[in-house]
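Work through these exercises with the model open. Try each task before you read its solution.

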Amino acid sequence: MFNNPVFATTEGTNVSYLANFERESASEDARQIADWVLHSRDNQSMPFLIIDKQSAKVFVFDPVGQIMGASAVLLGLAVGDDSSRGVGQRKLSSIPVAERTTPAGRFVGSLSNNLSGKGVLWIDYDAAISLHRVITSNVEQQRAQRLESSTITDNRISFGCINVPAGFYDQLIEKTFQKTNAVIYVLPEIRSIQETFGSYVVNENTSITESATHGEGYVNKSRKNVIQLR
């Protein structure tokens, strides 16, 4: 499946591979995080997503780093790597533009439904951040057109959630994560990836024991609550 092993096996050590983006264009940060995820086993044998805010793009990988699909995304209107305290409990109309951010970090998400039965993939439940089908109810926002445009300058429009094309969600996100959680890496746009994830550059001199560890605080369990699409 792969043509680019990071290092040869030694006794008791599995081979690590670089992530296979195939022909998808990706930033250096996205490639470094994907390689680190595989080398450190940070995805814990689960499929994983990388959301590159600066490129306004999402990449979906299977557990061994083979790309399954990629898409343009819509993001929070404001630049920033953190959610404001208590933002998930506030009405959308009360959230100022400066606080409409898509938080960066490592999350473990799962599929759930809103009151109308529409599916979302949770990213940060407490901040009410999820990945879901593009919202087209507000015609003036032209969200579908923004996703289809060739530039990324118009991809900042949401209250913080990640919007993807409906077909991408139906055919890949929903099918892939029906029976498994997703490890989601939202790349920062202010902090570095090293500060955000404790990641390292993967090369032949990198030790497998350098992998970062994460506590249970990173895991967002599935909840069947009503979800306000953002």
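**Exercise 1.** Which residues do ring pairs link into a cluster?

*Solution.* The model is predicted. Ring pairs join Phe-21, Trp-36, Phe-48, Phe-59, Phe-61, Tyr-185 and Phe-197 into a cluster. At one member, Phe-21, the charged end of Arg-31 sits over the ring, 4.6 Å from its centre.

**Exercise 2.** Classify the pair of Phe-48 and Tyr-185 from the angle of their planes.

*Solution.* Step one: the ring centres are 6.2 Å apart. Step two: the planes stand at 85°, so the pair is edge-to-face; the cut-off for that class is over 60 degrees. Phe-48 is in strand β3 and Tyr-185 in strand β13, 137 residues apart. Phe-48 is buried, at 0% relative accessibility. Tyr-185 is also at 0% and buried.

Now take Tyr-185 with Phe-197. Their centres are 5.9 Å apart and their planes at 65°, so this pair is edge-to-face. Phe-197 lies in helix α4, so the pair ties together parts 12 residues apart in sequence. Phe-197 is buried, with 3% relative accessible area.

**Exercise 3.** Find which face of helix α3 is buried and which residues are exposed on the face turned away.

*Solution.* Start with the buried set: Phe-168, Tyr-169, Leu-172, Ile-173 and Thr-176. Seen down the axis of α3, they fall within an arc of 120°, so they line one face. The face turned away carries exposed Gln-171 and Lys-175.

Next, the core. The largest nonpolar core has 28 residues, and Ile-173 is among those with the most contacts inside it. Helix α3 gives the most to this core: four residues.

Terms used:
Residues numbered from 1 in each chain as written. Predicted model: local features only at pLDDT ≥ 70, side-chain atom pairs only at ≥ 80, totals over all residues. Heavy atoms only, no water. Buried < 20%, exposed > 50% of the residue type's maximum accessible area, 1.4 Å probe, protein only. Helix = DSSP H or I, 4+ residues; strand = E, 2+ residues; numbered from the N terminus. Arc of directions from axis to C-beta. Core = buried A, V, L, I, M, F, W, Y, C linked by side-chain atoms within 4.5 Å. Phe/Tyr/Trp six-rings, centres within 6.5 Å; stacked < 30°, edge-to-face > 60°. Lys NZ or Arg CZ within 6 Å of the ring centre and 35° of its normal.
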